Amino acid sequence: MAVDSREGLQQLLVEQGGSASFSLVMDWLLNNPEHGFYGSGRCCFGSRGDFVTAPYLGSALADHLLKQLLPCFDLLAEQPGTLSLIEWGPGDGLFAQQLAQGFVAANPPWLPRLEILLLELNAPLRQRQQQTLQNCPIRCHWPELQQLQQTPRRAVVLAHELLDALPVDRFVLHQGRWHGLEVGLNAEADFEWQRGAVLQPKIQSQLASLGLAMDGGGRPEGWCSEWCSSLEPWLELVRQSIDEGWLLAIDYGHPAQRYYSPHRDGGTLLAYRGQLASPELLAEPGSWDITAHVCTTLLEQLAPGSGWNWLGSVLQGEALLRLGLGTCWAELSAPGAESLSWRLARREEYQRLTDPYQLGGFWWLQLGTPGLPSMEELVASRS
């Protein structure tokens, strides 16, 4: 880790008066163009990188998700005009490439009208995506947010392992009241957690709706957790970007009852690097990924006020089995031209995608613009 990254975060805190909310610090840790884990481009994907996302296991996730996307675009294609697949936070572009290849193989009649839009705020990642997708068979664009808001699309928006990187705020129970938990500097200019002001009534009311009583509900002194203060503005931003369509977020999450269980002191925040996890969020600023699970109840509660209809949630393993992964799994044992090594690799991929203790523990979280059916209803109606 470069020394100037510590100095950079120290300077940020000085500029903020000596301490800052964790959401501000987390955004800096991830997205600062010079020091951030994503913003500087130091993150690395894949089996030899910092973390392995589903596309690096193979194309099975894209192959099965395509079965859910095709009926959605069939419905949107009933009206003239461009159709858009928008991936928000597309990593290095591999998932978009796999989906594009699947669309071309399916060859639906509306294929010439389809475009892929990649929403990426960090320049180094945008460059990687452009390299990955330079020969993509479907036209790809990297619009600015303002452009997308000015010309909303009829689209399906995918947010695969994105919500866990939205900045969150921490809070702590002190003498029967919820306070913000901020990042500050001690006398030696080292980073430390500092108790901030009592949370604003609006925030306390939001937490109460998630099962966190304003007096702590019997939780012990010092109990702490986090909530995603940036989720509502992000949902509003995505909604402003499409006229009609769906948002499908795929990420680790818990309903509020489990997320804020009295036994889950400390929340879900973790740092990741080199496929190792650490609770030390501030040890090496900008050198680790920082993630927090999604509170699925919060997402459901915020949907209507952001212009969305909540269409439900399902664990990834169950979603993929509904889309036929079990049949594909069984077919691996049938005679065929594929090599044994390919079959074994595919079997392991299916296992990891559906195992609830691995990627099968992801939630598929679905929202739609008013008047649209759920994706599952469309799949069922066209089967």
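Buried here means under 20% relative accessible area, exposed is over 50%, and partly exposed sits in between, with a 1.4 Å probe and protein chains only. Helices (H or I, at least four residues) and strands (E, at least two) are DSSP runs, numbered from the N terminus.

This is a predicted model, where local features need pLDDT of at least 70, side-chain atom pairs count only at pLDDT 80 or more, and totals for chains, interfaces and linings use all residues. Residues are numbered from 1 along each chain as its sequence is written, and side-chain values use heavy atoms, with hydrogens and water left out.

**Helix H2 and the cores**

Let's start with H2, which is mostly covered: seven of its ten residues are buried. Those seven are Phe22, Ser23, Val25, Met26, Trp28, Leu29 and Leu30.

A nonpolar core is a set of buried Ala, Val, Leu, Ile, Met, Phe, Trp, Tyr and Cys residues joined through side-chain atoms within 4.5 Å. The largest one has 68 residues, and Phe22, Trp88, Leu231, Trp234 and Tyr260 have the most contacts inside it. Helix H2 (residues 22-31) is its top contributor, giving six residues. A further core of 48 residues lies apart from it, with Leu69, Leu83, Cys136 and Leu378 among its members.

Phe22 is worth a click. Contact means heavy atoms within 4.5 Å; leaving aside neighbours within four places in sequence, Phe22 touches residues including Val168, Asp169, Arg170, Leu181, Trp193, Leu269 and Ile290.

On a 1 Å grid over the protein atoms alone, a cavity is a set of points where a 1.4 Å probe fits but cannot get out, while a pocket is an open set with protein on both sides within 12 Å along at least five of seven lines; lining residues have an atom within 4 Å of a point. Grid points are joined across faces, edges and corners, and a volume is the space filled by probe spheres set on the points. The structure holds one cavity of 30 Å³ or more.

| Space | Volume | Elements giving at least two lining residues |
|---|---|---|
| Largest cavity | about 100 Å³ | S9 (224-227), S14 (294-295) |
| Second largest pocket | about 160 Å³ | H2, S6 (169-174), S7 (177-185) |

Of the 15 residues lining the largest cavity, Val168, Cys228, His293, Val294 and Cys295 are the closest to its centre. In the second largest pocket, Phe22 turns up again, in a lining that also includes Ser21, Arg170, Glu182 and Trp227. The biggest share of that lining comes from S7, with three residues.

Strands pair if DSSP finds at least two bridges between them. Three strands make an open antiparallel sheet in the order S12-S11-S13. S12 (276-278) and S13 (289-291) are the edge strands, each pairing on one side only. The twist averages 30° from one strand to the next, using lines fitted to C-alpha atoms as axes and angles from 0 to 180 degrees between N-to-C directions.

S11 (residues 270-273) pairs with S13 over three bridges, and Leu270 stands opposite Thr291 there. Three bridges also join S11 to S12, with Arg273 partnered by Leu276. Two residues separate the strands in the S11 and S12 hairpin, where Gly274 takes a positive phi near 55°.
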